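Dear colleague,

I am passing on the structure below for your files. My notes on it follow.

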Amino acid sequence: MLCDDVLERLSPFLDDELDPLRSREIQQHLDACPSCTDALGRMKELAERLRAEAPYYPAPDSLRARVSQAAWSDASRGRVTGRHIGVTARGWLGAAATVIAIVSGTWLFTSLQRHVSFGSIEREVVSSHIRSLMANHLTDVASTDQHTVKPWFNGKLDFSPPVSDLATSGYPLIGGRLDYLRGRPVAALVYQRRKHLINVFAWPDEGVADAETPPRTQQGYHIIHETHGGMAYWIVSDLNSDELSSFGKLLATGGEKGQRP
Amino acid sequence: MTHERRPETAGPQRHLSPRELDRFNECVLPYLDAAHNLARYLLRDAHDAEDAVQDAFLRAIRHFDGFRGVDGRAWLLSIVRNTCFTRLRGRPSSGENVEFDEEIHIVEETAPGPEVDLARRAATEAVREGLDRLAVEFREVLVLRELEGLSYKEIAQVSGVPIGTVMSRLARGRKQLLLALGPPRAQGNR
């Protein structure tokens, strides 16, 4: 093979996109040709440089909120307005479910479970999270100081939510606001991790043992539910589930250590 | 692109069923970042990119019944890509291949925080500018390959061109970018 032929194919060779025979020919040439090897080295370096240095532009939170809201409301429109279509579709679904129930009870069980979670508190939590990002109403009290945020709730709620300062762990407090969930006013605390916002919804839930669920996904958001110190917490963010989990753990310990009412 | 605009068969407008919504959230929504990154590179404008991605998602929702198979990423990215190219064509002075455009090269808050050292910031800026100055077809394949790690076959699917075209665009794009960026800096990151 001539250098020109090799140089022309270096790019797919680097990407491992040539057929094995071609690839072997090029490798043989490279073993014997320092200048083509140099050229390959430069190309490799370029690839590494792009991966390491080219900026990556993740979607802003507000866009994420708009997009998942659009999908969600499209789906709910389908259920509310599609009267004739909806009824027949529901009829068909019912018939299908019956058939499937006969065929496989397990399958029905899982699908029902999914359906239940679809309409459950998780969706309410995610909707609240999305609304807080969309409506420009993230915080009623904007402060990174727990001693400002916590007293702000006095007189606005019939409980005093624990507010932890997790800035040293990389989750600075942004502020708090009143929200409304499960038919009651709740405390919403807002934390941040890099460009990701985390909403923590908290309200008293006495008589429930301390527990923590692994992150679940709803509409592209991760949700963690935990209970400790007689409070129920719902944590929601587009942050990756690993980091959100460690945030959940921090919250559980930080909440006990410090600011119990 | 035009074949997406097929007549709606079921009534005035179809909507996502709960199951479809689940599937959409599972197979498509996770690639929102990839979608935005691609749009941002293709359009070279933060505001346009957001608009385009939102448009693309609305189309994706509307035509979700046309989504078969499992590769939500390629499916979504091809919609995003087509939306962006339509916008580019509609831009005055068909702004592609502009050799230098001050307005496009506004420095953005790509890496905030004082702890980010200047050298790294300059390196990022150089790479971004190098990419931005490539013709959009080359920029597209490079972003899909190097930043998203797509295979040639997937890139071909996204861009709607044969694999051979992907191959030659990548080769030419790399050659041009190497020329533009010049020799690698001595204290590269390794």
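**Notes on the model**

Asp132(B) is located in helix α5 of chain B; helices (H or I, at least four residues) and strands (E, at least two) are DSSP runs, numbered from the N terminus. This is a predicted model, in which local features need pLDDT of at least 70 and side-chain atom pairs count only at pLDDT 80 or more, while totals for chains, interfaces and linings use all residues. Residues are numbered from 1 along each chain as its sequence is written, and chains are lettered from A and ligands numbered from 1 in the order in which they are written.

Asp132(B) counts as partly exposed because it has 15 C-beta neighbours inside 10 Å (20 or more other C-beta atoms within 10 Å make a residue buried, 12 or fewer exposed, and anything in between partly exposed, with C-beta atoms placed from the backbone). Its C-alpha atom is separated by 7.1 Å from that of Tyr41(B), 91 residues apart along the chain.

Chain A has 9 helices and 8 strands. Of its 261 residues, 31% count as buried.

Two of those helices pack together. The axes of α1 (residues 3–14) and α2 (residues 20–32) of chain A come within 11 Å and cross at roughly 120 degrees (axes are lines fitted to C-alpha atoms, for helices over the stretch in contact, and angles run from 0 to 180 degrees between N-to-C directions). α1(A) and α2(A) are therefore oblique to each other, the class left after under 35 degrees (roughly parallel), over 145 (roughly antiparallel) and 65 to 115 (roughly perpendicular). On the α1(A) side, Val6(A), Arg9(A) and Phe13(A) meet Arg22(A), Ser23(A), Ile26(A) and His29(A) of α2(A); residues are in contact if their C-beta atoms, placed from the backbone, lie within 7 Å.

Between the chains, 42 residues of chain B are in contact with 40 residues of chain A. On chain B, helices that each supply at least two residues to this side include α1 (18–27), α5 (118–133) and α8 (163–181).

The largest nonpolar core has 64 residues, and among those with the most contacts inside it are Ala35(B), Leu38(B) and Leu76(B) (a nonpolar core is a set of buried Ala, Val, Leu, Ile, Met, Phe, Trp, Tyr and Cys residues joined through C-beta atoms within 7 Å). Leaving aside neighbours within four places in sequence, Leu76(B) is in contact with Val28(B), Tyr31(B), Ala35(B) and Ala60(B). A second, separate core of 35 residues includes Ala65(A) and Leu244(A).

Regards

Definitions and conventions:
Two residues are in contact if their C-beta atoms, placed from the backbone, lie within 7 Å.
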